[in-house]
Amino acid sequence: MVDAARILLEIAPAFMAYYLAALGHGFFEKSGVLNLAIDGVFVLCVAVSFATAVFTVNCWIGLLSAIIVGMLFGLLLAYLTTKFPISHGAAGLSIMFLGYGLAAIVGRPAREYQGATGVTGYAMPADPVSKTLMYVIPILVGIALLMLLNKTKLGAAIRAAGENPHAAAALGVDVLKVRLIAALIGYGLIGAGAAAYDLAWLPIWSEGHGLNQGWLAFAISLSAGRHPLLTIVSALIFAGLVKYQFSLLATYGLSTDTAKMVPFIAAILAMVIYSITPLRRKLAPPASLGKIYFKEEKTV
């Protein structure tokens, strides 16, 4: 019991980072927008949280800035894919690469400033109480989102937009507005997860910091069928794998490169398991996920 509690506390920052990002991803995709921008925006929000936290020596400002930046890019993706007849994949990947480039521009000056001044003290608290809250708060957020999706008119509108946006619009749902709201919430959580990745778990920055971690969050969400509560289990498993991947070096004599591959191999296996089990039917993706929706303006 003592060892289990110790392990849970050790992986708490990683759990918070992956769970929040996966939770936000799944919620956003419920509105029908295929979210291929996640990794680039995650990397950018990591850099933003680091830069603002270093310059202000305040982790909470870093967290807030990452949430705001995540929201802005989520709004951009939702607007482009709903207002114009363009490919969700093309829009998402374009934003992803934009995020990679901006991350280097944002993070490098802060890293140089940190190197010149030696500033520290910008990381999130790491005491046992704070690490316990890294479970409690995200899980409460997940429960709240589940209730929002299943018990409110907004949740019904989000699900309707994901299943059939044309039918939803015919019933009076403003598809663009609903997707923008889903983007604000979903990408706000992705930004929060990115901030936790840097400020709670790995409070350093170098170019490429956080790269591919957004894709892990993508896999965590997909393997759990985008369900907020099942995502808790997936996030715990992946947090443990990422945290202890290098322990495999000593235990099984694996090379460093092989150990780094373990979480991504697990991600592939998790998605395969999801696709070949009843989970795929019970927790099917929205019927219109990734499909182009374009409502032409009426002319008189």
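Modeller: Let us begin with burial: a residue is buried under 20% relative accessible area, exposed over 50%, and partly exposed in between, with a 1.4 Å probe and protein chains only. By that rule, Gln-213, Gly-214, Leu-216, Ala-217, Phe-218, Ala-219, Ile-220, Ser-221, Leu-222 and Ser-223 are buried in H9. Please note that this is a predicted model, in which local features need pLDDT of at least 70, side-chain atom pairs count only at pLDDT 80 or more, and totals for chains, interfaces and linings use all residues. Residues are numbered from 1 along each chain as its sequence is written, and side-chain values use heavy atoms, with hydrogens and water left out.

Biologist: Why is Asp-39 called buried?

Modeller: Asp-39 has 0% relative accessibility, so it counts as buried. This residue belongs to helix H2, residues 38–56. A contact means heavy atoms within 4.5 Å. Leaving aside residues up to four places away in sequence, Asp-39 touches Met-96, Tyr-100, Gly-210, Leu-211, Asn-212, Gln-213, Gly-214 and Trp-215.

Biologist: Asn-212 is among those partners. Why is Asn-212 called partly exposed?

Modeller: The relative accessible area of Asn-212 is 32%, and therefore the residue is partly exposed. Asn-212 sits in the loop between H8 and H9. Its phi is near 75°, a positive value in a residue other than glycine.

Biologist: What is the phi of Arg-226, and why does Arg-226 count as buried?

Modeller: Arg-226 has a positive phi of about 60°, although it is not a glycine. Its relative accessibility is 9%, so Arg-226 counts as buried. Arg-226 lies in the loop between H9 and helix H10 (230–243). Gly-225, which follows H9, also has a positive phi, near 65°.

Biologist: How do you know that Leu-254 is partly exposed?

Modeller: Leu-254 has a relative accessible area of 30%, which means that the residue is partly exposed. Leu-254 is in the loop between helix H11 (247–252) and helix H12 (256–276). Leu-254 and Phe-218 are 36 residues apart in sequence, and their C-alpha atoms are 26 Å apart in space.

Biologist: What makes a set of residues a nonpolar core?

Modeller: Such a core consists of buried Ala, Val, Leu, Ile, Met, Phe, Trp, Tyr and Cys residues joined through side-chain atoms within 4.5 Å. The largest one holds 84 residues, of which Tyr-18, Phe-28, Leu-77 and Tyr-187 touch the most other members. Helix H8 (residues 175–201) provides the largest share of this core, with 15 residues. Not counting residues up to four places away in sequence, the partners of Tyr-18 include Tyr-197, Trp-201, Leu-216, Ala-217 and Ile-220.

Biologist: How do you know that the radius of gyration agrees with a compact globule?

Modeller: The radius is taken over C-alpha atoms, and the globule rule is 2.2 Å times the number of residues to the power 0.38. For 300 residues a compact globule would have a radius near 19 Å, and the protein has 19 Å, so the two agree. Buried residues make up 49% of the 300 residues.

Conventions:
Helices (H or I, at least four residues) and strands (E, at least two) are DSSP runs, numbered from the N terminus.
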